[in-house]
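Hello,

Please find the structure below. My notes on it follow.

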Amino acid sequence: MKIRVGFGFDVHRLVEGRELWLGGIRLEHELGLLGHSDADVLIHAICDALLGAANMRDIGYHFPDTAGEFKNIDSKILLARTVDLIAEKGWRVGNIDATVCAERPKLKARIPEMQEVLAHVMGVEADDVSIKATTTEKLGFTGREEGISAYATVLIEKD
Ligand SMILES: Nc1ccn([C@@H]2O[C@H](COP(=O)(O)O)[C@@H](O)[C@H]2O)c(=O)n1
Ligand SMILES: C[C@@]1(CO)OP(=O)(O)OP(=O)(O)OC[C@H]1O
């Protein structure tokens with residue numbers, strides 16, 4: 001069996017008047033993430049990690065933020081399409097390990113739900129999807145609650 005690793009990183013700005021979507025679920029919060037899509041920064045980091053592992057460029061290459069078809073799109077659709085793209089080269093998802101940097105809201109209670117939702121989209125077990133959260137101790141743009149960032153590491157495999 002052949003294996004590869006990949007890494008992804010993304011940032012979106014927090015603004016008023018947008019829903020907050022993270023890890024494929026909607027969170028109650030007074031601010032939401034701004035983007036061309038639903039701006040699910042965790043899913044975008046995972047997509048970039050998967051594409052990187054397969055050496056298939058990045059999310060904006062496949063799903064440009066200038067294309068009307070992706071305006072306000074549910075990022076779970078982009079994740080499913082990313083899994084299909086790497087599958088065209090024979091790759092399947094092994095496991096994911098991701099970290100979300102956000103001062104607020106607290107994510108810990110909702111993480112099992114995110115794991116279930118993302119695992120279902122990627123066709124893996126929830127146990128294969130690790131999601132962690134951290135503040136940045138009020139430092140930097142995440143600490144000032146100007147945005148949320150996410151990092152993801154993935155392993156992909158093929159026979
Ligand atoms: N948005 C967040 C941030 C953190 N958590 C949880 O709190 C723990 C402590 O965070 P520190 O940044 O102070 O180390 C962290 O390990 C997470 O379990 C969270 O749920 N949501
Ligand atoms: C997802 C896409 C496409 O809707 O738009 P955004 O939501 O702005 O997100 P970004 O992380 O900038 O990545 C790539 C995009 O092309």
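**Sheet and helix packing**

β5 and strand β7 (residues 147-158) pair in the antiparallel sense over nine bridges, with strands being DSSP E runs of at least two residues and helices H or I runs of at least four, numbered from the N terminus; pairing requires at least two DSSP bridges. In β7, Glu157 is the bridge partner of Arg92.

This is a predicted model, in which local features need pLDDT of at least 70 and side-chain atom pairs count only at pLDDT 80 or more, while totals for chains, interfaces and linings use all residues. Residues are numbered from 1 along each chain as its sequence is written, and chains are lettered from A and ligands numbered from 1 in the order in which they are written.

The open sheet has five strands, ordered β4-β1-β7-β5-β6, with mixed pairing. Strand β5 (residues 92-101) pairs with β6 in the parallel sense over six bridges, and Thr134 in β6 is the bridge partner of Cys101.

Along β6 (residues 129-134), Val129, Ile131 and Ala133 point to one face and are buried (20 or more other C-beta atoms within 10 Å of the residue's own, C-beta atoms being placed from the backbone).

Helices α1 (residues 41-53) and α3 (residues 75-87) pack at about 10 degrees, with axes 10 Å apart (axes are lines fitted to C-alpha atoms over the stretch in contact, and angles run from 0 to 180 degrees between N-to-C directions). That makes α1 roughly parallel to α3 (under 35 degrees).

Regards

Key. Parallel < 35°, antiparallel > 145°, perpendicular 65-115°, else oblique. Buried ≥ 20, exposed ≤ 12 C-beta atoms within 10 Å, placed from the backbone.
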